[in-house]
Amino acid sequence: MKVLVTGGCGYIGSHTVRALGAAGHDVIVLDSLVTGHRGALEARVPLVVGDLCDRRMLDELFAAERFDAVVHFAAFIEVGESVRDPLRFYDNNVANTIHLLSAMQQGGVRRIVFSSTCAVYGTPETMPLVETMPCAPESPYARAKRAVEWMLEDCRAAWDLGFAALRYFNAAGAAADGAIGEDHNPETHLIPLVLQVALGQREHIKVFGTDYDTPDGTCLRDYIHVDDLADAHVRGLEVLQAGDSRFYNTGTGSAASVREVIELAREVTGHAIPVAEAPRRAGEPAPRGRASR
């Protein structure tokens, strides 16, 4: 297939571009490079530098390339930032997706794999999480993702769009060959922050909230390797047909607490990794139990 990957210079996007290429698909990346990195792409992968707010650019791109499908990553991802500036998130994550879907409709492209989030479930009453559970997103970030899922469902009914929404848990790791990995600035994800402490780049790791209803009082999260997540996008795309409506929770089914991640990093690195406790962050769902599938 000829596939457009939006946000393909980002962390999960760049790993998925590699996986799509390895599976024999013809990939073109569209990225604004606001947070993505050109160096995350292999030199042979075509890159269009542009923003989804540019409808003229989108229409010209779809007319010229005749895509078979889209994999859509381009979005802002920081929950705390979404709480502080919700309109910026809705503009980028929702309004720009409307522009993308409109260009797809005009270009006759009826397959899309969407980068969603498990945060659409909010704070669940029971565990593990399954796709049939009701959604109750608690942050502007999560509500924006759920709004896009609604749009996808409506477009499926209106013009036979086929979509797969992958509801991520927490991506972690790097490509097996070490060529690419996580490179956020500023960094907000737990595992790289912990390793930055071990490398002497930070004095301590902040633990946001120690009063959760979990065995050690800290957040439980399901960490999935980024290459496995990339593979899930390829598999989701390859089974997708026009008119499909698919939701997939993408995780390992096993959770680790913040304290457990820190302790494991201490064992692996031999560094003390000092901890500073801080209040819970706004917009974070409160986890329960052990499983988070």
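Helices, taken as DSSP runs of H or I of at least four residues, and strands, taken as runs of E of at least two, are numbered from the N terminus. On this basis Arg 66 of the predicted model lies in the loop between α2 (55-65) and β4. The backbone of Arg 66 has a positive phi of about 55°, although the residue is not a glycine. Because its relative accessibility is 59%, and residues over 50% are classed as exposed, Arg 66 counts as exposed.

A second residue other than glycine with a positive phi is Asp 160, where the angle is near 65°. Asp 160 is found in the loop between α5 and β6. With a relative accessibility of 35%, Asp 160 counts as partly exposed. Most residues other than glycine have a negative phi, and most peptide bonds are trans.

The bond from Met 127 to Pro 128 is cis, with omega near 5°, and Pro 128 belongs to the loop between β5 (111-117) and α5 (140-159). The bond from Asn 185 to Pro 186 is likewise cis, and omega is near 5° there. Pro 186 is found in the loop between β7 and α6 (190-198).

The chain as a whole contains 8 helices and 12 strands. Its radius of gyration is 19 Å, close to the 19 Å that the globule rule gives for 293 residues, so the chain is as compact as a globular protein of that length. The C-alpha trace spans about 55 × 40 × 35 Å along its principal axes. Of the 293 residues, 48% count as buried. Among contacts with a separation of 6 or more, 75% are accounted for by residues 24 or more positions apart.

The accessible surface of the chain amounts to about 13400 Å², and carbon and sulfur atoms contribute 51% of that area. The side chains include 28 that are positive and 39 that are negative, and the centres of these two sets lie 2 Å apart.

Helix α1 comprises the 12 residues 11-22. At 1.5 Å a residue, α1 should span 16 Å; the C-alpha atoms at its ends are 17 Å apart, which agrees. The buried residues in α1 are Tyr 11, Ile 12, Gly 13, Ser 14, His 15, Thr 16, Val 17 and Leu 20. The elements against which these buried residues pack include the strands β1 (2-6), β2 (26-31) and β4 (69-72). They also include β6 (162-168) and β7 (170-172), together with the helix α7 (226-239). After α1 comes Gly 24, whose phi is positive and near 95°.

Helix α4 covers residues 86-107, and Gly 107 lies within it. At 25% relative accessibility, Gly 107 counts as partly exposed. Gly 107 and Asp 68 are 39 residues apart along the chain, and their C-alpha atoms are separated by 9.7 Å.

Key:
Residues are numbered from 1 along each chain as its sequence is written. This is a predicted model: local features need pLDDT of at least 70, side-chain atom pairs count only at pLDDT 80 or more; totals for chains, interfaces and linings use all residues. Side-chain values use heavy atoms; hydrogens and water are left out. The radius of gyration is taken over C-alpha atoms; the globule rule is 2.2 Å times the number of residues to the power 0.38. Buried means under 20% relative accessible area, exposed over 50%, partly exposed in between (1.4 Å probe, protein chains only). Contact means heavy atoms within 4.5 Å. Accessible areas come from the Shrake-Rupley method with a 1.4 Å probe; for residues, only the protein chains shown count as cover. Lys and Arg count as positive and Asp and Glu as negative; His and the chain ends are not counted. The place of a charge is taken as NZ of Lys, CZ of Arg, CG of Asp or CD of Glu. The expected span of a helix is 1.5 Å times one less than its number of residues.
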